[in-house]
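Colleague: Could we go through the cross-links and charged pairs in this model? I would like to begin with the terms.

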Amino acid sequence: MGYKRYKISDFIFERGNFISLYGASGSGKTVTALQVIKDSETGLFISTNGSIYRERVKTMNISKAFFIEVGGILELLNAVMRAISMELQPIIVDDINTYYRISGKSNDLLYPLSLLKEYSKYAKVLILWQMSFNNRVSGEKFMRYFSDDILRITKTYIIGNMRRIKICITNKGVDVCR
């Protein structure tokens, strides 16, 4: 394996600055993203799913990062632009395809992904993608086009191109398992 000494964020950003992480509901995407924020001790977490993540933030003791909840595509674009102007990193968007799944409009993905891809030349960006019940990612073509690397998360592994890492999800965050 060789990854047991790494932080989760080291594994995730090993092959680029613009990373997509996808998985089924309840697989650990949000807690893994919060662990990346915790590892870097700063950054911005943008939630398109409301305030579900807040309890995890308290138990994981994350204090120096910024958290924003957005209620639509315009609020998402505004949050991304503000983060870029503040030069925050990493920027994490928890589930970027929420509005695309509802509307089916490609602009709901194209504009925020274009901004974040440009910003990823200077900073780390982690994008979370929700899978539907048929094990497909809404907006998969966008995900593949924009991402430097794509990782899939299950409850016990993060799997990438020719690599994987076993994870343990606890109340305090995500750790590498032995």
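Predicted model: local features only at pLDDT ≥ 70, side-chain atom pairs only at ≥ 80, totals over all residues.

Colleague: Which side chain does Arg-163 meet at 2.5 Å, N to O?

Modeller: That partner is Asp-149, and the two side chains form a salt bridge. Arg-163 belongs to strand β8 and Asp-149 to strand β6 (residues 149–153), so the pair ties together parts that are 14 residues apart in sequence.

Colleague: And Asp-149, buried or exposed?

Modeller: Asp-149 is buried, at 7% relative accessible area.

Colleague: What does Glu-14 pair with?

Modeller: Glu-14 also forms a salt bridge with Arg-163, with an N to O distance of 3.8 Å. This pair links distant parts of the chain, 149 residues apart: Glu-14 is in the loop between α1 (8–12) and β1 (18–23), while Arg-163 is in strand β8 (residues 163–170). Glu-14 is partly exposed, with a relative accessibility of 35%.

Colleague: Which residues make up the network, then?

Modeller: Glu-14, Asp-149 and Arg-163 are linked in a network of salt bridges.

Colleague: How many salt bridges are counted?

Modeller: The count is five. Another one of them joins Glu-140 to Arg-144, where the closest N and O atoms are 2.9 Å apart.

Colleague: Where do Glu-140 and Arg-144 lie?

Modeller: Both are in helix α7 (residues 140–146), at a spacing of four residues, about one turn of the helix. Glu-140 is partly exposed at 28% relative accessible area, and Arg-144 is partly exposed at 47%.

Colleague: Changing topic: how many disulfides does a search of the whole structure find?

Modeller: The search finds one disulfide. Cys-168 and Cys-177 are the residues joined, with an S to S distance of 1.4 Å.

Colleague: What is the cut-off for that assignment?

Modeller: The two cysteine sulfur atoms must be within 2.5 Å. Cys-168 and Cys-177, at 1.4 Å S to S, are therefore assigned as a disulfide.

Colleague: Which of these cysteines is buried?

Modeller: Cys-177 is buried, with a relative accessible area of 7%. Cys-168, at 33% relative accessibility, counts as partly exposed.

Note on methods: Residues numbered from 1 in each chain as written. Heavy atoms only, no water. Buried < 20%, exposed > 50% of the residue type's maximum accessible area, 1.4 Å probe, protein only. Salt bridge = Lys/Arg side-chain N within 4 Å of Asp/Glu carboxyl O. Helix = DSSP H or I, 4+ residues; strand = E, 2+ residues; numbered from the N terminus.
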